[in-house]
Amino acid sequence: MLPGARLRLMALKPSYTWHDTFAMPMGFPPSAFKSALEYEPAPGDFFIATYPKCGTTWAQHIVYLIAHRGVPVPATASLGATIPHIEEVGAQAARDLVPPRTIKTHLPFAMAPYSEHARYLHITRNPFDCAVSFYHHTRGFPQHYNFTDGTFEEYFECFLAGEVDFGDYFDHLASWYTLENAANCLFLTYEGMSTDPKAAVLAIGEFMGADLINDEAVLTAVLKHSSFASMSKDQQRWASQRPDGMPAFVRKGRTGDWRNHFSPEQAARLLEKCERRLSSTKYVEQWSQLFDDVRRFLRGDGATTRGTNEH
Ligand code: PPS
């Protein structure tokens, strides 16, 4: 059956606000979205540019911690007030920040505010775990998606077809990948951050112009407060309340949770799309172990890799 036909047969699909053919979460004001597209970055603006569920909040808190010398976002404050999501709150909220500004965006590169005088931290995550995380996100925010009772099977069809908020995962990655060698961009992966958080924090620090290597106390504090255990606490700092019984926003924080959700048929279809869409990128190599694991899963063999950051 063609993917479009499967999608039409689904009983339940998330609801979105559509801007022409681009889907956004319901409740994000259209005026904010439009103003974000028109925002002109000032020299020194620092963007955290990600597809949803790829490590945005983790990176935001690392950047915040570096800028605040290791002091975390207080339990009573919101990270979004310091590092706003521009297409949610609009361009004026970004302009109102005291420079140097840090701004979150999930927009694909072609729509994102760009200047060669701004900097861009791009984080991506393998699409298997991204899809799972995005599913739990979508069912856990009824005000944005009205999908509380949605199943992974239903969500997967939308994800694979690219009919989710912020568009198709692979289109998004391809659009930002055009900047991969640009001096004003740093590309990291969620998996790399999980495997070696210290290296990731040092790389982000260097990109921000902070000398963490000679500041052991700050480096230690940044690592401590950006750990999964720390960020699992006081989650009102990153997200609004979710209904009872829903997983928390900072949920599992693992690589490999896809195995608990995917059927072999779904895994084969997403693997086929990975092979088709990622072949000319470095991610084929970076995620080769994961893709091998998917192939083993399809053959019915056990996993040889486990979550890279078991908590
Ligand atoms: S959003 O809504 O798009 O901004 O979501 P995003 O922050 O990009 O992604 C959320 C996932 O990141 C995990 N997370 C972490 N993993 C490891 N360490 C830390 N500190 C951390 N903070 C957030 C979070 O748990 C979501 O992944 P899943 O797989 O759902 O657990």
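**Legends to the close-up views**

**View 1. Ile 62 and its contacts in the predicted model.** Apart from neighbours within four places in sequence, Ile 62 is in contact with Val 201, Ile 204, Val 222 and Ser 226; two residues are in contact if their C-beta atoms, placed from the backbone, lie within 7 Å. The model is a predicted one, in which local features need pLDDT of at least 70 and side-chain atom pairs count only at pLDDT 80 or more, while totals for chains, interfaces and linings use all residues. Residue numbers start from 1 along each chain, as its sequence is written. Ile 62 is also among the residues with the most contacts inside the largest nonpolar core.

**View 2. The largest nonpolar core.** This core has 68 residues; a nonpolar core is a set of buried Ala, Val, Leu, Ile, Met, Phe, Trp, Tyr and Cys residues joined through C-beta atoms within 7 Å. Beside Ile 62, the residues with the most contacts inside the core are Phe 47, Val 63, Leu 121, Ala 131 and Phe 159. Helix H3 supplies the largest share of the core, seven residues. Helices (H or I, at least four residues) and strands (E, at least two) are DSSP runs numbered from the N terminus.

**View 3. Ile 103 in strand S4.** Strand S4 covers residues 102–105 and contains Ile 103. Ile 103 is buried because 26 other C-beta atoms lie within 10 Å; the limits are 20 or more such atoms for buried, 12 or fewer for exposed, and partly exposed in between, with C-beta atoms placed from the backbone. Residues up to four places away in sequence aside, Ile 103 touches Asp 45, Phe 47, Ile 83, Pro 84, Ile 86 and Ala 94. One of these, Ile 83, is 20 residues from Ile 103 in sequence, yet their C-alpha atoms are 5.1 Å apart in space. Phe 47, another of the residues touched by Ile 103, is listed among those with the most contacts inside the largest nonpolar core.

**View 4. The contact of helices H7 and H9.** The axes of H7 and H9 (residues 152–161) come within 10 Å and cross at roughly 115 degrees; axes are lines fitted to C-alpha atoms, for helices over the stretch in contact, and angles run from 0 to 180 degrees between N-to-C directions. From H7, Ala 131, Phe 134, Tyr 135 and Thr 138 meet Phe 152, Tyr 155, Phe 156 and Phe 159 of H9. Seven residues of this contact are nonpolar, one is polar and none is charged (nonpolar: Ala, Val, Leu, Ile, Met, Phe, Trp, Tyr, Cys and Pro; charged: Asp, Glu, Lys and Arg; polar: the others, Gly among them).

**View 5. The contact of helices H15 and H17.** Helix H15 (residues 264–277) packs with helix H17 (residues 288–299) at an angle of about 145 degrees, and their axes are 10 Å apart. On the H15 side, Pro 264, Ala 267, Ala 268, Leu 271 and Cys 274 meet Phe 291, Val 294, Phe 297 and Leu 298 of H17. The contact consists of nine nonpolar residues, with no polar and no charged ones. Ala 268 of H15 is partly exposed because 14 C-beta neighbours lie inside 10 Å. Although 30 residues separate Ala 268 from Leu 298 in sequence, the two are 7.1 Å apart in space, C-alpha to C-alpha.

**View 6. The shell around the ligand.** There are 21 residues around the ligand, and Thr 56, Thr 57, Ser 133, Arg 251 and Gly 253 come nearest; a residue is near a molecule or strand if its C-beta atom, placed from the backbone, lies within 6 Å of it. Helices H3 (56–67), H7 (127–140) and H14 (228–231) each supply at least two residues of this shell. The largest share, four residues, comes from H7. By class, the shell holds six nonpolar, ten polar and five charged residues. Gly 253 is located in the loop between H14 and H15. With 22 C-beta neighbours inside 10 Å, Gly 253 is therefore counted as buried. The C-alpha atoms of Gly 253 and Leu 186, 67 residues apart along the chain, are 22 Å from each other.

View 7. Most residues other than glycine have a negative phi, and most peptide bonds are trans. Pro 99 and Pro 100 are joined by a cis peptide bond, with omega about 0 degrees. Pro 100 belongs to the loop between helix H6 (91–95) and S4. Arg 69, which is not a glycine, has a positive phi near 50 degrees. This residue, Arg 69, is in the loop between H3 and helix H4 (79–82), and counts as exposed because 12 C-beta neighbours lie inside 10 Å. Asp 234, likewise not a glycine, has a positive phi of about 50 degrees. Asp 234 lies in the loop between H14 and H15 and is partly exposed, with 14 other C-beta atoms within 10 Å.
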